Amino acid sequence: MRLTAKRLLNLYLARYQRARGHTRLLARPLVLTLEATNVCNLRCPYCFTGVGEVTRERSMMPMPLYRKIIHELGDYALLVEYYNWGEPLLNKKIEEMIRIASGRGCSTMVSSNLSIPLDQARAEALVSSGLAILGAGIDGASQESYEKYRAGGNLERVLHNMRLLTEAKRKLGSDTPMLCWSFHVFEHNRHELDQARAMAREMGVEFSATKGWVEGPDWDSGNEIAFPIDPPRERCRYLWTQAVINNDGLVSPCANSFYREDDFGSMEHVNFKNVWNNRNFQEARRLYRARNASGHGRGLVCHDCPYTIIWENYQRHLAQGLPKSSFDPVYTTNDWFNYFFSRRLAKRATSQAADSIDLQADSTPA
């Protein structure tokens, strides 16, 4: 990431407005999560796309939309992520997208299952695109363990592709992208953790092991293995500092929100700043002042999110003069995942109604 005066000023402004709980923001997002495509070739059981849920047309993000986003936000963003519910490398223009953002000084990151056909030319194109980080989801050291979560994936192909990328870096004399073997630990694969770590070391790539969340109760209630993130005692980073823009130009409140009906706005006819400060976003931020103050706010997906509830309970805890160290969030990262993932069951129990949230909601005063 190329640090400029504009990025630095925006960083401090974003931190200040989040700390103060401002509802109308002058700061632009620090992180852009852009859905390069919502198509995926695997059937992972704890992913909306993997279990066959559909809420928007399967497509690639159009380049005119992408260019519009980067033109408006690229000079302020520190990081651009090209993934959420799809496999980004299925987008044949991903290298061009990365070059555009990295050329603006943004750091760039791709998280891939890497279980796709990849040749040396494509590997070299990815390396030369300016990509900073490529994480590959490889949840096992044997095909038997790996495919229990990465359903439809081919471990041999994934490892072959990782070697192609390391060779491309060597050939081109490039330190980037940083290649990371990302191991989601579950009960069924934890016995292969050390073996996988050794395999990554042999290939010369980074290794990261974090607990995988599951539908229902946490499989590791003793917390022997840590989640990649913990329930925060702070205002939601997505509402203040991280934008999630889908392949169709609709803006979601956070990366865990999947359904179109829960989106907050559309970039079809407006710039991002108009969406960022529309009624939906401002009311969602206002929930961090008083969770039940607004009828509109109660209709947002953020209202009953564990993160919002944790913040409310934390403020009550502090108001009683109790020490920060004694606060128990109660909710876990697994509960956060389940809150969003269980929404598919509620949707199946009801008809597909019209949008419950007005995607073109007008801005309201802070």
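Predicted model: local features only at pLDDT ≥ 70, side-chain atom pairs only at ≥ 80, totals over all residues.
Residues are numbered from 1 along each chain as its sequence is written, and side-chain values use heavy atoms, with hydrogens and water left out.

Leu8 counts as partly exposed because its relative accessibility is 31%; buried means under 20% relative accessible area, exposed over 50%, and partly exposed in between (1.4 Å probe, protein chains only). Together with Met1, Leu3 and Tyr12, Leu8 makes a nonpolar surface patch of about 410 Å². Patches of this kind take residues with over 30% relative accessible area and no salt bridge, joining nonpolar side chains (Val, Leu, Ile, Met, Phe, Trp, Tyr) within 5 Å.

Now step inside. The largest nonpolar core has 92 residues, and Tyr82 and Trp181 have the most contacts inside it. Helix H6 (residues 155-172) gives the most to this core, with seven residues. Another core lies apart from it and has seven residues, including Leu11, Ala14, Val31 and Leu78. Such a core is a set of buried Ala, Val, Leu, Ile, Met, Phe, Trp, Tyr and Cys residues joined through side-chain atoms within 4.5 Å.

Aromatic rings come next. The structure holds 26 aromatic pairs, where rings of Phe, Tyr and Trp (its six-membered ring) pair if their centres lie within 6.5 Å; planes under 30 degrees apart count as stacked, over 60 as edge-to-face and the rest as tilted. One of them is the tilted pair of Tyr46 and Phe186, at 6.2 Å centre to centre with 45° between the planes. Tyr46 lies in the loop between strand S1 (31-34) and helix H2 (63-73) and Phe186 in the loop between strand S5 (178-185) and helix H7 (193-203), so this pair ties together parts 140 residues apart in sequence. Tyr46 is partly exposed at 23% relative accessibility, whereas Phe186 is buried at 4%. Phe48 and Phe258 form a stacked pair, 4.5 Å centre to centre and with 10° between the planes. This pair also links distant parts of the chain, 210 residues apart: Phe48 is in the loop between S1 and H2, and Phe258 in the loop between strand S8 (250-252) and strand S9 (265-266). Both Phe48 and Phe258 are buried.

Finally, turn to the charges. The count comes to 21 salt bridges, each being a side-chain nitrogen of Lys or Arg within 4 Å of a carboxyl oxygen of Asp or Glu. Arg56 and Asp263 form one of them, at 3.1 Å from N to O. Here Arg56 is in the loop between S1 and H2 and Asp263 in the loop between S8 and S9, 207 residues apart. Arg56 and Asp263 are both buried. Lys211 bridges to Asp218, with the closest N and O atoms 3.0 Å apart, and Lys211 is buried, with a relative accessible area of 2%.

In helix H12 (residues 306-319), Glu312 and Arg316 lie four residues apart, about one turn of the helix. Their side chains meet in a salt bridge of 3.6 Å, N to O. Glu312 counts as buried because its relative accessibility is 17%. A network of salt bridges links Glu312 and Arg316 with Arg291 and Asp304.

Notes. Helix = DSSP H or I, 4+ residues; strand = E, 2+ residues; numbered from the N terminus. Patch = residues over 30% accessible without salt bridge, like charges linked within 9 Å, V, L, I, M, F, W, Y side chains within 5 Å. Areas by Shrake-Rupley, 256 points an atom, 1.4 Å probe, with all protein chains shown as cover.
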